[in-house]
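Work through the exercises below with the sequence and the 3D structure open beside you. Try each task before you read its solution.

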Amino acid sequence: MRNIRANKVSSFINIGGLAVGMAVSMMIGLWIWDEISFDHNNKNYTHIAKVLQNQTLNGDIATWSGLPWPTAAALRNNFSSDLKTVSLVLHTTNVVSTPAKSLNLDGAFMEEGAPAMFDLDMLKGAHTGLQDAHSILLSESFANAFFGSADVVGKLMKIDTQSVKITGVYKDMPANSAFANINFIAPWQLFFNNSWAKTNPYPWGSNAFEVYVQLADNADMQKVSAKIRDVKLNNVRPQDRVAKPALFLHPMSRWHLYSEFKNGINTGGRIQFVWLFGIIGIFVLLLACINFMNLSTALSQKRAKEVGIRKAVGSLRMQLIGQFLNESIVTAVVAFIVAIGLVQLSLPYFNNLSGKAMQIPAANLLFWLSALGFAIVTGLIAGSYPAFYLSAFNTVKVLKGHFRAGRFSAVPRKVLVVTQFSVSIILIISTIIVFRQIQFAKNRPVGYSRANLISMQMHTTNIHDHFDAVKNELKNTGAIVEMAEARNPLTAIWNSNGGMVWRGKPKGLSTDFPMCNVTYDYGKTIGWQIIEGRDFSRQFSSVDSSTFILNESAVKYMGLKHPIGEKIAFDDGVSFTVVGVVKDFIIESPYAQVRPTMFRIARNGAGIVNIKLNPALPTKDALAKIETVFKKFNPQQPFDYTFVDAEYAKKFSDDERTGNLAAVFSVLAIFISCLGLFGLASFIAEQRTKEIGVRKVLGASVFSLWQLMSREFVLLVAASCLIAIPVAVLFMQTWLQQYQYRTSMSAWIFIISITGVLLITLCTVSFQSIKAALANPVKSLRTE
């Protein structure tokens with residue numbers, strides 16, 4: 001405490017820097033824990049897996065989670081000794097309603113063993129609540145939303161038009177769960193009895209469902225995965241075996257962090273962000289520790305006599321090392337207390353930035369023990385070098401006043417400063433490139449007009465059945481320009497077809513192309529660009545039911561030099577004629593190449609209604625008019641809509657979140673580095689007080705003294721730039737390789753980064769340099 005009082009500036013910098021560094025590390029630690037503890041709420045965590053399949057399509061091995069619905073029965077019947085539970089799962093959005101209220105809810109249809117397998121925390125009812133085909137399990141929050149209470153078992157509701165009885169209420173799933181957004185669970189049989197799946201003549205050809213399994217207690221995940229490999233292959237038609245479908249188990253422990261597959265191999269996923277932010281957290285804390293080391297060793301001359309006297313009266317070197325380490329630990333514990341306050345204040349902002357709902361687990365004793373250990377380890381790391389350095393002073397030289405810092409005594413401090421700024425510059429360059437990549441993808445031509453375009457998912461056929469009447473009425477109100485239906489939204493692919501045959505197709509090639517079923521005027525509604533042939537038109541309604549429009553990528557992939565008039569057939573012999581080619585437009589990832597895609601006229605209700613609003617009318621007024629008409633024809637469904645441009649913007653959310661977090665950490669890193677630089681500049685200015693006074697008396701100008709004081713720091717930062725640039729280039733080149741559509745690393749990125757860091761450095765050290773240069777030389781020369 002005496003040392004803190006005697007060296008207020010350096011103590012403030014040490015405690016402040018360590019507090020910021022520890023706060024950043026703690027928030028990153030909370031984020032990492034939230035990521036790695038995904039789905040840990042399930043007691044069956046180690047025994048649950050999702051069944052995935054690999055298929056060779058379009059020349060590559062594709063990995064899908066979608067499977068035919070008979071897969072579950074085949075697994076259940078043939079591997080009963082290895083699999084305790086098997087369940088089909090269909091994620092869906094439906095209108096769930098009571099006479100008083102109706103809501104569009106995300107939910108799932110599951111088989112009756114699923115609630116126990118997924119370890120639902122039942123507040124009312126039991127895990128057996130899906131045995132009745134007309135039942136429903138509600139989450140606690142939506143039981144309260146509908147009825148104001150969780151005590152609702154036995155009450156009646158509707159899912160779309162189907163009446164169901166509430167048989168249970170489960171506690172809301174944690175935010176870090178794969179099923180966090182499931183607000184209701186209904187029996188698989190309820191869906192199946194009223195769906196196309198029941199009447200499908202070839203059920204093994206539709207990959208529309210997910211299958212989850214719980215292994216028997218004594219079963220081995222890898223061995224069972226190998227056993228089920230050929231289940232689908234043994235049940236599909238001979239012509240479908242060309243794709244070589246192979247099933248395998250993907251454990252629950254890998255769902256969240258290892259979700260990406262490339263050419264059939266699990267290549268990673270969000271685990272890269274865990275490693276990235278973990279490394280950033282370590283480096284930011286290291287920067288704060290470096291400040292402590294630098295300032296402690298810089299102030300060594302002030303403590304030299306203390307060390308000499310302690311040694312003279314009998315202190316051993318290990319005792320001195322212990323004393324200095326204790327001092328650093330006390331400093332770290334004080335910084336930790338400050339850091340807890342900073343985390344508590346910053347956590348709401350950090351949660352908003354990271355898309356999490358984290359909080360400090362204040363009631364968890366293990367957390368506090370770990371945190372205390374973290375503070376002690378930080379103190380030991382920060383204090384280790386100063387402790388060994390200070391305790392090594394020669395007693396005789398110190399007490400005789402002959403102690404002087406050696407010629408190379410500042411070298412370690414310079415190395416540490418270079419390390420600090422190298423890390424900071426790498427973070428700055430990386431952050432700029434991340435945002436540049438995001439902006440590069442945002443600036444990519446989408447291929448259609450998103451302006452004033454809204455989309456709605458229909459859960460009944462009411463709008464489809466009266467489509468022309470709805471459209472005409474809306475046009476008469478002046479609210480819309482155009483309106484059309486589609487089977488999938490503009491920002492996702494929900495359907496694809498394989499087994500296509502065309503002239504010149506290579507023998508043995510198995511294909512799978514996105515298939516978009518649309519209605520007339522779809523092209524006019526979204527503003528796509530026909531570059532060859534024609535659009536779908538009611539003028540050709542007699543033939544358009546057997547025609548395709550291809551995108552540019554499909555034409556190129558198939559090698560069709562003159563596509564108009566070409567015949568493309570399904571493997572069952574049904575043939576379609578190509579009547580148009582549309583310019584590629586982005587439906588899936590804006591970072592990837594557009595896949596070969598086919599468009600055809602929908603034969604029945606398409607499910608998604610796209611509406612182009614009238615730009616001459618205020619959006620609020622247009623939406624009000626549309627709601628009135630929709631309620632007239634479809635009264636039971638809530639009027640929920642999404643703006644297509646907002647849905648498209650969500651494609652960048654993960655990368656924007658990563659960029660924003662990296663930007664915050666970069667700013668904090670440069671702040672901590674500059675804090676240490678400010679402390680060193682203060683110390684050096686104090687050390688050179690007499691020299692500056694003599695120079696001023698001899699005629700040195702303020703500018704020349706400023707140059708003298710600042711040159712060393714600028715050179716150190718320049719050296720950091722030389723180290724940081726190649727490291728950042730190597731790292732970011734590797735990062736950019738994951739994107740097919742990627743930006744380049746222009747020279748201006750590095751110029752701006754270097755210029756910015758040099759300016760910040762000059763601003764940081766200039767305060768002390770100019771203050772010293774402006775000091776009265778008479779006072780300066782009297783200091784000794």
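**Exercise 1.** Is Phe209 buried or exposed?

*Solution.* This is a predicted model, in which local features need pLDDT of at least 70 and side-chain atom pairs count only at pLDDT 80 or more, while totals for chains, interfaces and linings use all residues. Residues are numbered from 1 along each chain as its sequence is written, and side-chain values use heavy atoms, with hydrogens and water left out. Buried means under 20% relative accessible area, exposed over 50%, and partly exposed in between, with a 1.4 Å probe and protein chains only. Phe209 has a relative accessible area of 1%, so Phe209 is buried, whereas Trp196, at 44%, is partly exposed.

**Exercise 2.** Classify the aromatic pair that Tyr591 and Phe652 form.

*Solution.* Rings of Phe, Tyr and Trp (its six-membered ring) pair if their centres lie within 6.5 Å; planes under 30 degrees apart count as stacked, over 60 as edge-to-face and the rest as tilted. By this rule the structure has 38 aromatic pairs. For Tyr591 and Phe652 the centres are 5.9 Å apart and the planes make an angle of 75°, which gives an edge-to-face pair. Both residues are buried.

**Exercise 3.** Over which ring does the charged end of Arg254 sit?

*Solution.* A charge sits over a ring if NZ of Lys or CZ of Arg is within 6 Å of the ring centre and within 35 degrees of the ring normal. The charged end of Arg254 sits over the ring of Tyr258, 4.0 Å from its centre; likewise, that of Arg444 sits over the ring of Tyr741, at 4.2 Å.
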